[in-house]
Amino acid sequence: MEKRQRNRTAPTHHPFSNLLVCIDCGSGMNYKKDRKGYMCGRYAKYGVKCCKSHLIKEAVLIDIVKPDFMSGMSQMDKEVMKRDFHKKVSYYSKRNEREIENVEGRIEVLKRRKKNLVTMMADGELDRESCMESIK
Ligand SMILES: [Zn+2]
């Protein structure tokens, strides 16, 4: 239990969770990760004998809701949203840049190691087998 607790990932938020209700049976629609959409909770639990899946993709719902959402926002809200968006984008791009630098650094180290090993092999200080062993 302790191990599972540690490995648990943060819950991902799905904007339509607890909002959608099945048109046939009235139970809540649950998000299904593998289907990238919402499905009747009763169907998900008990199968086809109890209800239909009524699967609806999250992307479709977002497309439907987005225009209304945007037009309902004041100009100020839009500015705030834009600023937040830019902040997030620059945060992630900085993080990616750092990651790229790290990877490039590692590539350089590996290149140097490879060069050293080749030199050692050429000088007869290292046989092919040991060389292969050391790059594993
Ligand atoms: Zn249902």
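**Reading a zinc site and its surroundings**

Colleague: How does Lys78 count at 27% relative accessibility?

Modeller: Start with the cut-offs. Buried means under 20% relative accessible area, exposed means over 50%, and partly exposed lies in between (1.4 Å probe, protein chains only). Lys78 has 27% relative accessibility, so it counts as partly exposed.

Colleague: What should I know about the model itself?

Modeller: This is a predicted model: local features need pLDDT of at least 70, side-chain atom pairs count only at pLDDT 80 or more, and totals for chains, interfaces and linings use all residues. Residues are numbered from 1 along each chain as its sequence is written, and side-chain values use heavy atoms, with hydrogens and water left out.

Colleague: Where is Lys78 found, and which residues does Lys78 touch?

Modeller: Helices (H or I, at least four residues) and strands (E, at least two) are DSSP runs, numbered from the N terminus. Lys78 belongs to helix α4, residues 75-122. Contact means heavy atoms within 4.5 Å. Leaving aside residues up to four places away in sequence, Lys78 touches Met70 and Met73.

Colleague: How many helices and strands does the protein chain have?

Modeller: Five helices and three strands. Along the sequence the pattern reads α-β-β-α-β-α-α-α.

Colleague: In what order do the strands of the open sheet come?

Modeller: First, the rule: two strands pair if DSSP finds at least two bridges between them. The open sheet has the order β1-β2-β3, with antiparallel pairing. Its edge strands are β1 and β3, each pairing on one side only. Four bridges join β1 to β2 (residues 37-40). Tyr31 has Tyr38 as its bridge partner in β2, and Lys32 has Gly37.

Colleague: Which residues are the protein donors of the zinc ion?

Modeller: Donors are N, O and S atoms within 2.8 Å of the metal (3.2 Å for Na, K and Ca); water is not among the atoms, so sites may look incomplete. Here the protein donors are the SG atoms of Cys22, Cys25, Cys40 and Cys51, lying 2.2 to 2.4 Å from the zinc ion. Their spacing along the chain is C-x2-C-x14-C-x10-C. Cys22 and Cys51 link distant parts of the chain, 29 residues apart. Cys22 sits in the loop between α1 (2-7) and β1 (29-32), and Cys51 in the loop between α2 (41-46) and β3 (56-57).

Colleague: What is the geometry of the zinc site?

Modeller: Ideal angles are 109.5 degrees for four tetrahedral donors. Four donors count as tetrahedral if all angles lie between 85 and 135 degrees. The angles at the zinc ion are 98 to 114°, and the site is tetrahedral.

Colleague: How many disulfides does the structure hold?

Modeller: A disulfide is a pair of cysteine sulfur atoms within 2.5 Å. The structure holds zero.

Colleague: Why does Cys40 count as buried?

Modeller: Cys40 counts as buried because its relative accessibility is 0%. Cys51 is buried as well, at 8%.

Colleague: Which residues make up the largest nonpolar core?

Modeller: A nonpolar core is a set of buried Ala, Val, Leu, Ile, Met, Phe, Trp, Tyr and Cys residues joined through side-chain atoms within 4.5 Å. The largest has eight residues: Phe16, Leu20, Cys22, Met29, Tyr38, Cys40, Cys51 and Leu61. Leu20 touches residues including Met29, Tyr38 and Leu61.

How values were computed: Tetrahedral: all angles 85-135°; square planar, octahedral: opposite > 155°, others 65-115°.
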